[in-house]
Amino acid sequence: MKRRDVLRAAAAGLSGLLASRPAPASTRKGILIGTGAAGGVYFPLGGALCRLFNLDSDRLGMRCSAETSPGSVTNIEALRDGEIDVGIVQSDVLADAIRGEGAFAAAGPMSNLRLVLAAHDEPFTIVARTDVGIVSSADLDGKRVNIGNIGSGHRVMMERLMRASGLTRAHFAATLELGPGAQVQALCQGRIDAIVYSVGHPNGLIQEAVRSCGGRLVPIVEERIREIVASHSEYESMSIPGGVYRENWADTPTFGTRAMVMTTTEVSAPAIRHLVQSVIENADEFRQLHLAFARLDPRRLAMRPDFATFHSGAEGYLRERGLLR
């Protein structure tokens, strides 16, 4: 199945902001955003961006729409092929794409990627059933683990944790490659012992895994966190605050990324400028659209990682507002 068909199938049955049939970039008369799975934060982030963009879209003669996606890797590929105009991606996947590493080694560096805005933190999250004896990431050895769906950012992070821990798929009793919603169902049904997800918190799927399935957040071994952060500048040490989820009162140490709103040099400067302007000028409303956005003030939205470059439309507006150093 072609990637665009996967995107369309994922969007089937969803209404509102979803685009049902992406047109080629050369003929599109609007902005199409690739997001993520419906249960994650990328999906409401894409919806929030479009909602604000469309407040004054008549002036540009274009509308914004968003569609679901398997995740960060797929969004980068869709940007490369012109199937979407804007994609939401994890910062580690972005770094790989810019450098031509990891999943993008065969295709080579993608030099035309440009940053629109930085978004929320995404701690790498492990949830395990309480009856299987998993109290830290070291206990995953020998267990049934969902390692994440192909094309997702959390799959990339799980593979890096595995390498840092000296684990391969052969070390697990079973490995699944389920998407976010399906893995929670598998956890509740007892078909899997632990799931992984890179996501902003609080998150509805993690909430379900904890409340309905008796799940517990699993801390990552501190030594593994230090090793991963030291070898990958796109990661940083993070923690999931205690009390966000029931029965998980202590902070949970982990590592994580930031979500990045990306585009390419082929997308027009006026369209990207309008997107950035609509978010910055409506920042208070934007922060209220999801709890994961609560800390995203204009200066945080304008924070650029050292391996990425702003799109000219974004940079021009942000400099005018004094948000870039």
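Me: At roughly what angle do the axes of helix α4 and helix α5 cross?
Reply: This is a predicted model. Helix α4 covers residues 91-99 and helix α5 covers residues 153-165. Their axes come within 9 Å and cross at roughly 85°.

Me: How are α4 and α5 oriented to each other, roughly parallel or roughly perpendicular?
Reply: The axes cross at roughly 85°. Angles of 65 to 115 degrees count as roughly perpendicular. The two helices, α4 and α5, are therefore roughly perpendicular.

Me: How many residues of the contact of α4 with α5 are charged?
Reply: On the α4 side the contact is made by Asp 92, Val 93 and Asp 96, and on the α5 side by Gly 153, Val 156, Met 157 and Arg 160. Three of these residues are nonpolar and one is polar, and the charged ones number three.

Me: Is Met 110 buried or exposed?
Reply: Met 110 lies in the loop between α4 and β4 (113-129). Leaving out residues up to four places away in sequence, Met 110 touches Ile 76, Leu 79, Arg 80, Ala 97, Ile 98 and Thr 264. Buried means under 20% relative accessible area. Met 110 has 9% relative accessibility, so Met 110 counts as buried.

Me: Is Glu 247 buried or exposed?
Reply: Glu 247 sits in the loop between β9 (236-240) and β10 (252-264). Although not a glycine, Glu 247 has a positive phi of about 65°. The cut-off for exposed is over 50%. With 58% relative accessibility, Glu 247 counts as exposed.

Me: Where is Pro 202 found?
Reply: The peptide bond from His 201 to Pro 202 is cis, with omega near 0°. Pro 202 is in the loop between β7 (194-198) and α7 (204-211).

Definitions and conventions
Residues numbered from 1 in each chain as written. Predicted model: local features only at pLDDT ≥ 70, side-chain atom pairs only at ≥ 80, totals over all residues. Heavy atoms only, no water. Axes fitted to C-alpha atoms, helices over the stretch in contact; angles between N-to-C directions. Helix = DSSP H or I, 4+ residues; strand = E, 2+ residues; numbered from the N terminus. Parallel < 35°, antiparallel > 145°, perpendicular 65-115°, else oblique. Contact = heavy atoms within 4.5 Å. Nonpolar A, V, L, I, M, F, W, Y, C, P; charged D, E, K, R; others polar. Buried < 20%, exposed > 50% of the residue type's maximum accessible area, 1.4 Å probe, protein only.
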